[in-house]
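Please consult the sequence and structure shown here.

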Amino acid sequence: MTERALRLGTRRSKLAMAQSGQVADTVSRLTGRSVELVEITTYGDTSREHLAQIGGTGVFVTALRDALLGGEVDFAVHSLKDLPTAQPDNLALAAVPLREDPRDVLIARDGLTFAELPAGARVGTGSPRRMAQLNAYARNHGTTIETVPIRGNIDTRIGFVHKGELDAVVLAAAGLHRVGRIDEVTDFLSADTVLPAPGQGALAIECAASNASLIAALAELDDPYTRVAVTAERSLLAALEAGCSAPVGALADLLADGQIVKEMRLRGVVGATDGSTLVQLSTTGPVPETHDQALALGRELAAEMLAKGAAGLMGERAL
């Protein structure tokens, strides 16, 4: 008797379907079982409100997690940056695969780079984190831009530029890679200019904590370096008491000497959306060997940022 297909829960967007399809192929190869995609609509997909208004945290995740707990699907694939920082006890983060390019990118009219945008250029993004850093970068380079809040899938966002409604939009490189549109990028924004969202470019594969055999199978997809990096980034986010719609950027990268990874550097930023104030700090230390060490790295940097005034910039903190 052949084992039944594994059911993989995914959001319906083109990007979610692309990244879930890639995971499905890998899991199928590893387990020898077929994997079918089960499309699930989340609140974040149907709401027309801006993410900053609907709170950000969990809006793309809750329906998938409900399907997991209800036994409708066996495992789910999320964009890691959409996951709330607290992990529920009844769900296991079974794998964090090798991370795609974490950077943000610009798609601008006429092939312009960010530095070439004219003063007053209209730049679309739904992210307070991007707004804060782009405005600060423009300000530091003696120019101004107007950040315009937008929502929608990749096609919709790029469409604003093609139709002439915006001069440029900022998107995640990883999503464009996964849907095969990376060649439309006009500028890759270095992490020194714009720090990505915590966990950006990484996927999270979740299943029920009680399903030990599936957890063991999915663990084959886990990349330990990606996992410690995103754990440190998300620990920083959690310690700043921020939802995923707060203006926080973080990136942990591995510093290698030749082929040998020596240290991990964690950078964090929080800023006012108009770019008038940024608190940006970094710390470098040994690569964390345990989950707890990665958590500690994030918490320590967050404490330094709070001491430098980050709390007043969060915008979401309940006083």
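Helix α1 (residues 14–31) lies across β1 (6–10), β2, β3 (75–79) and β10, running at about 155° to β2. Helix α4 (residues 62–69) lies across β1, β3, β4 and β10, at about 165° to β3. Contact here means heavy atoms within 4.5 Å; axes are lines fitted to C-alpha atoms, for helices over the stretch in contact, and angles run from 0 to 180 degrees between N-to-C directions. Helices (H or I, at least four residues) and strands (E, at least two) are DSSP runs, numbered from the N terminus.

| Helix | Residues | Angle to strand |
|---|---|---|
| α1 | 14–31 | about 155° to β2 |
| α4 | 62–69 | about 165° to β3 |

The open sheet is mixed and has 5 strands, ordered β2-β1-β3-β10-β4; two strands pair if DSSP finds at least two bridges between them. Because β2 (35–39) and β4 (91–95) each have a single partner strand, one side of each is left without a neighbour in the sheet. The twist averages 35° from one strand to the next. Over 4 bridges, β4 pairs with β10 (residues 203–208) in the antiparallel sense, and Ala95 has Ile205 as its bridge partner in β10.

Residues are numbered from 1 along each chain as its sequence is written. In this predicted model, local features need pLDDT of at least 70 and side-chain atom pairs count only at pLDDT 80 or more, while totals for chains, interfaces and linings use all residues; side-chain values use heavy atoms, without hydrogens and water.
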